[in-house]
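Visitor: I have a structure here and want a guided look at it. Can you take me through it by question and answer?

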Amino acid sequence: MRQKDYRTEKVKEFQMASLSFEVIHVLVLCAFILISANSQSHPHQPEKHAALFVFGDSLYDAGNNNYINTTANYRSNFLPYGETFFGFPTGRVSDGRLIPDFIAEFAKLPFLPPYLQPGNNQFTYGANFASAGAGALDETNQGLVISLNTQLTYFKNVEKLLRQKLGDEAAKKTLSEAVYLISIGTNDYLSPFFRNLTVLQSSQKQNVHIVIGNLTVVIKEIYKKGGRKFGLVNLGPIGCLPTMKAIKSQQGGAGECMEEATEVAKLHNKALSKILQDLESKLKGFKYSFSNFYALLEERMNNPSKYGFKEGKIACCGSGPYRGRPSCGGKRGIKEYELCRNVSEYVFFDSAHPTDRAYQQMAELIWSGTCNTTGHCNLKELFD
């Protein structure tokens, strides 16, 4: 019989220490904000650098949702989130860093603080606009997240500030040499499943058309403002996330993925690949990296031991089948949750998001993998 590897006593410790932690968290978070601001205003990086602008959802959100009026369902500013690398929660939906953090490190840039973080007004190294739960459609989790269109508005505000601060020519150079990371779409396709709506294949195909259309408009708007280098990832096997397998299990499908969700991700990925090729052929100077996040994540889910993991399908933190109920941290309506003993052995940290270690492996391939891995060059070439 397989021995349980979670520790409920650790969960109790977190709950008992919650009041004292809140005080400590405020102090540590203030220190982190000061460090982030300092790294932007007094960086140790070389003078020549390409800025990094980040758009997207929970895969990329560095903590913007900490500063909007939303619910705990769309926040991760509580333990055990952030525990592995930072030692405290930052708002990132993982135990540590996310892909943009690793990309910033590889590009010799400081970590980009959330755009909405108070005191964050230095944008020569870029900005992170991403929001957990966001979609390319305005109606996806509307009123609770920062939609892609709103993120675009924030970017336009930064573009104006750069022009005021640097002058038109220098700002134009900064924007044209910058790299624009985008990860969006998962929430647009999964929200009907979470709302227990009947999902028709025909309506999902139409949804893909609209999502890709909205994303294309945003890319073109960034291009109009001077953006030329874009780094995109396709969607992962979203029907096989622990949270989706938990839903399927409740419907009587033990051990099965939600295939209809994965199929729509494949439709999205195919359409996105085509639109990027079209943009490259039509927009002068347009360059892009298109990374196969689907394959990178699926490989680690199906063959965890090959990549140094022990578990690829069950989350480290959560409850229910596959720990797929989004209860990690006990702040989202379900107080009881399970926490694994060794997070580095897991591909998934919570019900839908990878661990720091898994993100690091995938970020390294997104940064400098072969064209077979990334689909179209790699991010490093965009920064060179």
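Visitor: Which residue lies over the face of Phe111, and at what distance from the ring centre?
Guide: A charge sits over a ring if NZ of Lys or CZ of Arg is within 6 Å of the ring centre and within 35 degrees of the ring normal. The residue over the face of Phe111 is Arg92, and the distance from the ring centre is 5.9 Å.

Visitor: Over which ring does the charged end of Arg300 sit?
Guide: The charged end of Arg300 is 4.1 Å from the centre of the ring concerned. That ring belongs to Tyr307.

Visitor: What kind of model is this, and what does the chain average in pLDDT?
Guide: This is a predicted model, in which local features need pLDDT of at least 70, side-chain atom pairs count only at pLDDT 80 or more, and totals for chains, interfaces and linings use all residues. Residues are numbered from 1 along each chain as its sequence is written, and side-chain values use heavy atoms, with hydrogens and water left out. pLDDT is the predictor's confidence in each residue, from 0 to 100. In this chain 85% of the residues score at least 70, and the average is 88.

Visitor: Where is the pLDDT below 50?
Guide: Where pLDDT is low, the predicted coordinates should not be read in detail. One such stretch has 33 contacts (heavy atoms within 4.5 Å) beyond near neighbours in sequence; another has 21. The stretch with 33 contacts is residues 1-31, and the one with 21 is residues 33-46.

Visitor: Why is the pair of Phe78 and Tyr81 given its class, and what is that class?
Guide: Rings of Phe, Tyr and Trp (its six-membered ring) pair if their centres lie within 6.5 Å; planes under 30 degrees apart count as stacked, over 60 as edge-to-face and the rest as tilted. A search of the whole structure finds 22 aromatic pairs. The rings of Phe78 and Tyr81 have centres 5.6 Å apart and planes at 80 degrees, so the class is edge-to-face.

Visitor: Are Phe78 and Tyr81 buried or exposed?
Guide: Buried means under 20% relative accessible area, exposed over 50%, and partly exposed in between (1.4 Å probe, protein chains only). Phe78 has a relative accessible area of 6%, and Tyr81 has 0%. Phe78 is buried, and Tyr81 is buried.

Visitor: Where is Pro80, and what is the peptide bond from Leu79 to Pro80?
Guide: Pro80 is in the loop between strand E1 (52-56) and H3. Helices (H or I, at least four residues) and strands (E, at least two) are DSSP runs, numbered from the N terminus. Omega of the bond from Leu79 to Pro80 is near 10 degrees, and the bond is cis.

Visitor: Is Lys108 buried or exposed?
Guide: Lys108 lies in the loop between H3 and strand E2 (126-128). Its phi is positive, about 60 degrees, although Lys108 is not a glycine. With 55% relative accessibility, Lys108 counts as exposed.

Visitor: Which element gives the most to the lining of the largest cavity?
Guide: On a 1 Å grid over the protein atoms alone, a cavity is a set of points where a 1.4 Å probe fits but cannot get out, and a pocket is an open set with protein on both sides within 12 Å along at least five of seven lines; lining residues have an atom within 4 Å of a point. The largest cavity has a volume of about 40 Å³, a volume being the space filled by probe spheres set on grid points joined across faces, edges and corners. Helix H3 (99-106), strand E4 (229-233) and strand E5 (287-291) each supply at least two lining residues. With three residues, the top contributor is E4.

Visitor: Which helix gives the most to the lining of the largest pocket?
Guide: The largest pocket has a volume of about 1,000 Å³. Its lining has 43 residues, with Phe194, Thr243, Pro326, Ser351 and Ala352 nearest its centre. Helix H6 (186-194), helix H8 (242-250) and helix H10 (293-302) give two or more residues each. The one that gives the most, with six residues, is H6.

Visitor: Why is H6 described as largely enclosed, and how many of its residues are buried?
Guide: The buried residues of H6 include Tyr189, Leu190 and Phe193. H6 is largely enclosed by the rest of the structure because of its nine residues the number buried is eight.
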